Amino acid sequence: MEIDILSRLSALAHPQRLALFRLLMRRYPDQVAAGELARALDLKASTLSAYLATLVQAGLLVQTRAGTSLLYSVNLAGVRQTFDHLFLDCCRGRPELCPPISMPSATEPAPRPERPYNVLFLCSGNSVRSILAESLLRHEGGGMFNAYSAGTNPCSAPDPRVLDLLRTCGHDIANLRSKALSTYRCPDAPGFDFVFTVCDRAANEECPTWPGQPISAHWGVPDPTGVPGGEAEKALALKQTYGALSRRIAGFAALPIKSLDRVSLQHAVDDLARLPEENVPS
């Protein structure tokens, strides 16, 4: 076991290997293609391959194959084994000495503020998917949620096709605008109870730590504006994206949040990301 621990700590001691591991932890339980990892971290294929091999050999990542693509995900059993050894064995029966003081207890209640829950949706441009999610939660939330959205590299304004679709579906679009992530990093910004990424690019980026450790999840959906074809194909893809996010957000709004502990709530929001995709009638 000591050899395994040393191998794992050594694998994580390199800054770029640590960045790779942290990216896949943010994407868990997704399986991410090597090419996407290389683009996200700006690594040469040969360099990435060496880093991945080290982390797989150390038992921190799992490699699978889908056709000609190699996919990678965190080996959560190996990660848990590592922390069990460090925090339980090394503490010699005194585990209260080891856990980080700032880490919330797994069994403590989920957030229960007196105000509505504050929910932030993140994507790269804040022009399509996060705008849809913000508007949908405002519509579905029944007064239980304050919905916000932002982009890691925001566009100047929401996509007009998104605004047209929302208007057609009965949403109020008066206050929708594209915003930078920094908008919600100022002292008077709302404290967030939930933070969801809705595009892979935003999930792959190293975002700042949010005060209060909100519940987070990755609800990635493909970019409907990037599908091949003309306006008819893009319009259909946009409706399908609206439908996919609508199903997730309806499920989220229906969760018994006040009766769940943090672990149960985290599992519930993670499960919503794996709802099967369904086409939306035109």
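Guide: Happy to. A cavity here is a set of grid points where a 1.4 Å probe fits but cannot get out, and a lining residue has an atom within 4 Å of such a point. Keep in mind that this is a predicted model.

Let's start with the cavity. The count comes to one cavity of 30 Å³ or more, and the largest cavity has a volume of about 50 Å³. Around it you'll find Asp159, Arg161, Val162, Pro224, Thr225, Lys234, Ala235 and Leu238. Sort that lining by class and you get four nonpolar, one polar and three charged residues.

Which helices each supply at least two residues of that lining? They are H7, covering 160-168, and H9, covering 231-253. Of the elements involved, H9 gives the most, with three residues.

Now follow H9 to a neighbour, helix H6, which covers residues 129-140. For two packed helices, the description comes down to the angle between their axes and the distance between the axes. H6 and H9 pack at an angle of about 45°, with their axes 9 Å apart. That angle is why H6 counts as oblique to H9. As for handedness, the crossing of H6 and H9 is right-handed.

Who actually touches whom? From H6, the contact is made by Arg129, Leu132, Ala133, Leu136, Leu137 and Glu140. H9 answers with Leu238, Thr241, Tyr242, Leu245, Ser246, Ile249, Ala250, Phe252 and Ala253. By class, that contact has 11 nonpolar, two polar and two charged residues. Look out for Leu238 as you go: this residue of H9 is in the contact with H6, and Leu238 is also one of the residues lining the largest cavity.

A cis peptide bond joins Tyr28 and Pro29, with omega about 10°, and Pro29 sits in the loop between H2 and strand S1. Asp42 has a phi near 55°, a positive value in a residue other than glycine, and its place is in the loop between helices H3 and H4.

Terms used:
Residues numbered from 1 in each chain as written. Predicted model: local features only at pLDDT ≥ 70, side-chain atom pairs only at ≥ 80, totals over all residues. Heavy atoms only, no water. 1 Å grid on protein atoms, 1.4 Å probe; cavity = no way out; pocket = protein on both sides within 12 Å on 5 of 7 lines; lining within 4 Å. Points joined across faces, edges and corners; volume = space filled by probe spheres on them. Helix = DSSP H or I, 4+ residues; strand = E, 2+ residues; numbered from the N terminus. Nonpolar A, V, L, I, M, F, W, Y, C, P; charged D, E, K, R; others polar. Axes fitted to C-alpha atoms, helices over the stretch in contact; angles between N-to-C directions. Parallel < 35°, antiparallel > 145°, perpendicular 65-115°, else oblique. Left-handed = near helix turned anticlockwise from the far one by under 90°. Contact = heavy atoms within 4.5 Å.
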